[in-house]
Amino acid sequence: MKSFLTLIIAILMTHSAISQDSFLALVGTYTEKDQQGINLVKFNKSNPPEILSVASEIENPSFVISDREGKYVFAVQEDEDGKVTSFKLDTEKQELVKINSISSKGASPCYISLDPSEKFLMVGNYEGGNLAVIPIAENGELLDVVQTIQHSGSSVNEERQEAAHVHSVVFHPDGKQVFVGDLGIDKVKVYNFNQNSETPLQLAFDIDIAPGSGPRHLVFNTSGDRMYLVHELTGEVGLYEKASNSYQHIETYPLTDENFDGEQGGAEIRITKDNSFLYVSNRGDANQVTVFSIQSDGKLDVLQILDVKGKNPRNFNLNPDENQVLVANQDTNEVIIFERDKDSGKLSSSELSISIPMPVYLFPIP
C-alpha cells in the first residue's frame, strides 16, 4: 500500500511540474490575410512554443484578454468601424469559438479590461477619443453598450495630440475606479465605477500629465497608492503617488541612457507581483526593454536596458511564474522569450522564440 501511495504522489508531482512548465497564451495581431487572427499558443519552459490554433474570424485583434477562469476571451477589432468580439475557449479542441461581435462606439479600439465582477467590459477607442461600457451575459455574449464617454481637447504635439486619443482603461486594485490614459490630451481621467448604476462610470478627477508626454499604459503597485505611467511620446515612465483625492507626480525616468540619439516610443509596462521590479518597452529606434528596481519609497533605479532582438516591441508580458519575459516584436514578426532572474530582476537571452505575423499583444490565460 505504501509503495502504491508513493507512486501516486510521484505521478501527481510530475503532472504538477509539467503544468507549471507550460501555459497557454493569447497572441493578438494585426491581420493582412484571412488565415491570420488571434493565436492560441502553448509556451514551454524549455521547448519551442507551439501555435495550437488561430481564430481568424476577426480583423486586427490588437488587444485580447480572457476572464479569470480562462473560459471566455474578448478582443478588439482595431479599425475605423470599431468592434469588440467575444469567444468561448474550447479546451478540448484547443480553439476559440466566436460568440458575437458588437460596435465599440468609436474608431480604432485599442484597450479593453474587465471589471472585478466580470460583468462589464471597458473599451478604449483610440481614434474615437472615447470609452464605452459593455455588459456581458452569463454565456459570454456581449450586450448593447450602456454608456459612452467622449473626451475632448488637444495638447502640444500637433501631429499626435490634435485630439483626444484614449489609450488605456485600467481598474484600480480596489476595483472602485477606472483610470483612463488619454495620449491626446495629456491627462489620466479617473472615473468612479458602480456596476449597479445605469451609467456605471462617473468622472471623479483628472490627473494632469506634463504637456507633450502622451500618457499610454499604466500599472499600480498592489496597494494602489502608487501609479507608474508610460509617457509614450517622450519615452519615459512617470511615478505618481496618491495624495488626498488625486495622484501627485513624484518623478519621471527616461527609458534610454543619456547617449541615446533617435526616435523612441514608450509602449508596455509591467510590474512584478512582489512590487520589486518594473519593466517598460521602448520602440522607435530604441527597440529595448528597460528594467527598473523599485525602492521602498516607490522610486526607480535603472538596472538594465536590453535589446529585444527585433523591431517594435509593441507589447510584452511575464509568464505566470515570472521567470520568463515574452516580447512581441511587431515589425519582425516574432515573439522572443527572455529568461528572468527573480532575485536580480535582470533578463538574459534564450534560444526560444516563435514566428507570428505582426504580434502586438500577449495575454497568458489563467
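Arginine 216 counts as buried, at 3% relative accessibility, where buried means under 20% relative accessible area, exposed means over 50%, and partly exposed lies in between, using a 1.4 Å probe and protein chains only. The model is predicted, so local features need pLDDT of at least 70 and side-chain atom pairs count only at pLDDT 80 or more, while totals for chains, interfaces and linings use all residues. Residues are numbered from 1 along each chain as its sequence is written, and side-chain values use heavy atoms, with hydrogens and water left out.

**Surroundings of arginine 216**

- Arginine 216 lies in strand β16, residues 215–220; helices (H or I, at least four residues) and strands (E, at least two) are DSSP runs, numbered from the N terminus.
- The side chains of arginine 216 and histidine 167 are joined by a polar contact of 2.8 Å, a term for a pair of N or O atoms within 3.5 Å; within protein, one must be able to donate a hydrogen and the other to accept it, and residues adjacent in sequence count only if both atoms are side-chain atoms.
- A polar atom of the arginine 216 side chain also lies 3.2 Å from the backbone oxygen of alanine 267.
- Leaving aside neighbours within four places in sequence, arginine 216 is in contact with residues including Glu232, Arg283 and Arg314, contact meaning heavy atoms within 4.5 Å.

**An open sheet**

- Four strands form an open sheet in the order β20-β21-β22-β23, with antiparallel pairing; two strands pair if DSSP finds at least two bridges between them.
- The edge strands of this sheet are β20 (266–271) and β23 (300–307), each of which pairs on one side only.
- Strand β22 (residues 288–294) is joined to β23 by 7 bridges, and isoleucine 294 has leucine 300 as its bridge partner in β23.

**Two residues with positive phi**

- Most residues other than glycine have a negative phi.
- Asparagine 60, in the loop between β3 (50–55) and β4 (64–66), has a positive phi near 50°, and this residue is buried, with a relative accessible area of 16%.
- Glutamine 94, in the loop between β6 (83–90) and β7 (95–103), has a positive phi near 55°, and this residue counts as partly exposed at 33% relative accessibility.

**Alanine 204**

- Alanine 204 lies in strand β15, residues 201–208, and counts as partly exposed at 34% relative accessibility.
- Apart from neighbours within four places in sequence, alanine 204 is in contact with Gln177, Val190, Tyr191 and Asn192.
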